[in-house]
Amino acid sequence: TIVTALLLFALREYSDRISFPFAFFIYFCTQFIYLMNGMRFAIAICFALVGYVFLSRNKTIPFLVMIFLAVLFHKSCLICLAMYFSIK
């Protein structure tokens, strides 16, 4: 990937001033951002799934609470509000 190529370029150019472990630490920190987004989405979709269970039992308020909690983790779960209209 381009991030790996940039890391190797920086290591080659600054190998006398930057330690190899520190450069890998910087690289892994850049990848941590993507991992956390995936984790937030996984947590949010679990809340949305529980909300869908409530909605299938015609419990609208608990459904909305679960979707609200899901949106707190990942804004893309706002689309789950459309499930309300698919069940009714």
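The structure is a predicted model, in which local features need pLDDT of at least 70 and side-chain atom pairs count only at pLDDT 80 or more, whereas totals for chains, interfaces and linings use all residues. Residues are numbered from 1 along each chain as its sequence is written, and side-chain values use heavy atoms, with hydrogens and water left out.

The secondary structure of the chain consists of four helices and zero strands, helices (H or I, at least four residues) and strands (E, at least two) being DSSP runs numbered from the N terminus. Read from the N terminus, the order of elements is α-α-α-α. The radius of gyration of the chain, taken over C-alpha atoms, is 21 Å, whereas a compact globule of 88 residues would have a value near 12 Å; the globule rule applied here is 2.2 Å times the number of residues to the power 0.38. Along the principal axes, the C-alpha trace spans about 65 × 20 × 15 Å. Within helix α2 (20-56), which contains Tyr52, the C-alpha atom of Tyr52 is separated by 39 Å from that of Tyr27, a residue 25 positions away along the chain.

Of the 88 residues, 18% count as buried, where buried means under 20% relative accessible area, exposed over 50% and partly exposed in between (1.4 Å probe, protein chains only). The accessible surface of the chain comes to about 6600 Å², and 76% of this area belongs to carbon and sulfur atoms; accessible areas were computed by the Shrake-Rupley method with a 1.4 Å probe, and for residues only the protein chains shown count as cover. Among contacts (heavy atoms within 4.5 Å) between residues at least 6 apart in sequence, 46% join residues at least 24 apart.

Ala70, placed in helix α3, is buried with a relative accessible area of 0%, and, when residues up to four places away in sequence are not counted, Ala70 touches Ala44, Phe47, Ala48 and Cys77. The C-alpha atoms of Ala70 and Cys80, ten residues apart in sequence, lie 9.3 Å apart in space. His74 is located in the loop between α3 (60-73) and α4 (82-87) and, at 14% relative accessibility, is likewise classed as buried. Leaving aside neighbours within four places in sequence, His74 is in contact with Asn37, Arg40, Phe41 and Ala44. With Asn37, the side chain of His74 makes a side-chain polar contact of 3.0 Å; such a contact is a pair of N or O atoms within 3.5 Å, of which, within protein, one must be able to donate a hydrogen and the other to accept it, and residues adjacent in sequence count only if both atoms are side-chain atoms.

A search of the whole structure finds zero disulfides, a disulfide being a pair of cysteine sulfur atoms within 2.5 Å. The sulfur of Cys77 has its closest cysteine sulfur in Cys80, at 4.6 Å, which is too far for a bond.

The structure holds two aromatic pairs, defined as rings of Phe, Tyr and Trp (its six-membered ring) with centres within 6.5 Å, planes under 30 degrees apart counting as stacked, over 60 as edge-to-face and the rest as tilted. Phe47 and Phe73 form a stacked pair, with 5.7 Å from centre to centre and 20° between the planes. Because Phe47 lies in helix α2 and Phe73 in helix α3, this pair ties together parts that are 26 residues apart in sequence. Phe47 is partly exposed at 25% relative accessible area, as is Phe73 at 32%. The pair formed by Tyr84 and Phe85 is edge-to-face, with 5.3 Å between centres and 80° between the planes; Tyr84 is partly exposed at 28%, whereas Phe85, at 66%, counts as exposed.

Most residues other than glycine have a negative phi. Asn58, although not a glycine, has a positive phi of about 60°, and, at 54% relative accessibility, Asn58 counts as exposed.
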